[in-house]
Amino acid sequence: MIIHHATVITFDQNNRIIENGAVHYADGVIDMVGDSASVLAAYPEDERWDAGGLILMPGQICAHTHFYGAFARGLYIPGPPPKDFPEILQVLWWRLDKALDLEGVRSSAEVCLVDAIRNGTTTLIDHHASQRAIDGSLDAIAEAVQRSGLRAVLCYEVTDRDGPDAAQAGIRENVRFRRWVEATHATHQGRLAATFGLHASLTLSDKTLERCVGESNRFHIHVAEHPADEYDSLHKSGQRVVERLHAFGITGPESIMAHCVHIDAWEMALLAETHTFVSHQPRSNMNNAVGAAEITPMLRKGMAVCLGNDGFSNDMFAEMKVADLLQKVAHGDPRYLGADKVIQMAVFNNRRLAAVFFERPVGVIETGAYADLILLDYHPTTPLTPDNLPWHILFGISGTHVHSTIVQGRTLMRDRQLLTLDEAEIAARSRRHAQATWERYWAMFA
């Protein structure tokens, strides 16, 4: 396929913008990028897609999400509203995940995958929990991902909050799924990867952490999302969260620590020294009133701070906007962060994280990268250059501009028409499974 007559935003090392540009891909991989005339001349017999002047850019990457949270939308929570994040966990999330069955797990994932395709998010790193439907839960999500055509990294969050048997089942699910992914690479064409999920230090005993480290050398865990995580760690170990996790070998260049809102300078330095990835989820942090992570110092330290959404909509353009605004209001300074640093997180650092899990680059338009591409019908009303591109993205572009979505050369949406998933069928199925899930959730308050 040749997509031509496009404004190509490469996000490569030279950050090129190619007017009337074209991209050729075959077998899911980009093999030529340049001006339309050159690419068309090089492949005169290949299928052509005239972009009609639309913007062509790499698909978005989400560094931390929760597919299982889709059924929380519109859910009535009995009793007084939770007053802080620990109560939100106890009253909402830790009951909702126990209300899910395997069909609900699959249906919830489908809803999020439709949303991702529509918003041009082509790679998602998910963190799953369904405490009464653990065995096979990652398979249910993987089946939905494969059917959608998207790219995903999956794991199950191990926790002690429901006893040792559930903790061991979570460990077993992570190990089993990783082995399945490794054994079936040809089946999923390298679009699925696995890591090892952990909930958070505050729900993990030393014994369980030892078992997890015995099974994996890379992890995906929530860290210091609320001060309660730090208080618990100090009580358990006399160490702050990052120090405790580091002592067990949880940090490292293939591990993701989500949030890190309440880490201190020493913890930040430890994460930098170990090259551990940090994922930032500003919309969720604002919604849960947990504070604003110190993103600017982390980036100054050279840390790979990435951008996720924590289960909010998969419009990563919206997440970028909020990332910038939250830092400005939190510090009372309009100079804080800035669009260029947001793009560093959402594009370049997210790409570094994806490289941990996939054989070829994603998040870039260059020869040898996977053809994970999106077309946008954004028509700039001011000049668009490599220097001002970050500000166009933050103040001009949104997920509503996504016209077409392609993953590994396969078109998942063209001209806003989904081609791999039946959105109406998925929505109807979701309503049925959400209602059943809600009834099991409400029964826990009886």
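In this predicted model, the largest cavity lies between domain 1 (2-59 + 361-416) and domain 2 (60-355), because both domains give residues to its lining. The volume of this cavity is about 50 Å³, and the count of cavities of 30 Å³ or more comes to 1. Its lining is made up of Phe11, Met57, Pro58, Gly59, Gln60, Ile61, Ala346, Val347 and Gly363. At least two lining residues are supplied by each of strand S5 (55-58), strand S6 (60-65) and helix H14 (339-354). By residue class, the lining holds 6 nonpolar and 3 polar residues, with no charged residue.

In soluble globular proteins, nonpolar side chains tend to be buried together. The largest nonpolar core of the model contains 111 residues, among which Leu198 and Val223 touch the most other members. Helix H2 (residues 85-99) provides the largest share of this core, with 8 residues. Both domain 1 (2-59 + 361-416) and domain 2 (60-355) contribute to this core, each with at least three residues.

With neighbours within four places in sequence left aside, Val223 is in contact with Asp229, with Val241, Val242 and Leu245, and with Met257, Ala258, His259, Cys260, Val261 and Ile263.

Note on methods
Residues numbered from 1 in each chain as written. Predicted model: local features only at pLDDT ≥ 70, side-chain atom pairs only at ≥ 80, totals over all residues. Heavy atoms only, no water. Core = buried A, V, L, I, M, F, W, Y, C linked by side-chain atoms within 4.5 Å. Buried < 20%, exposed > 50% of the residue type's maximum accessible area, 1.4 Å probe, protein only. Helix = DSSP H or I, 4+ residues; strand = E, 2+ residues; numbered from the N terminus. Domains from an automatic or database assignment. Contact = heavy atoms within 4.5 Å. 1 Å grid on protein atoms, 1.4 Å probe; cavity = no way out; pocket = protein on both sides within 12 Å on 5 of 7 lines; lining within 4 Å. Points joined across faces, edges and corners; volume = space filled by probe spheres on them. Nonpolar A, V, L, I, M, F, W, Y, C, P; charged D, E, K, R; others polar.
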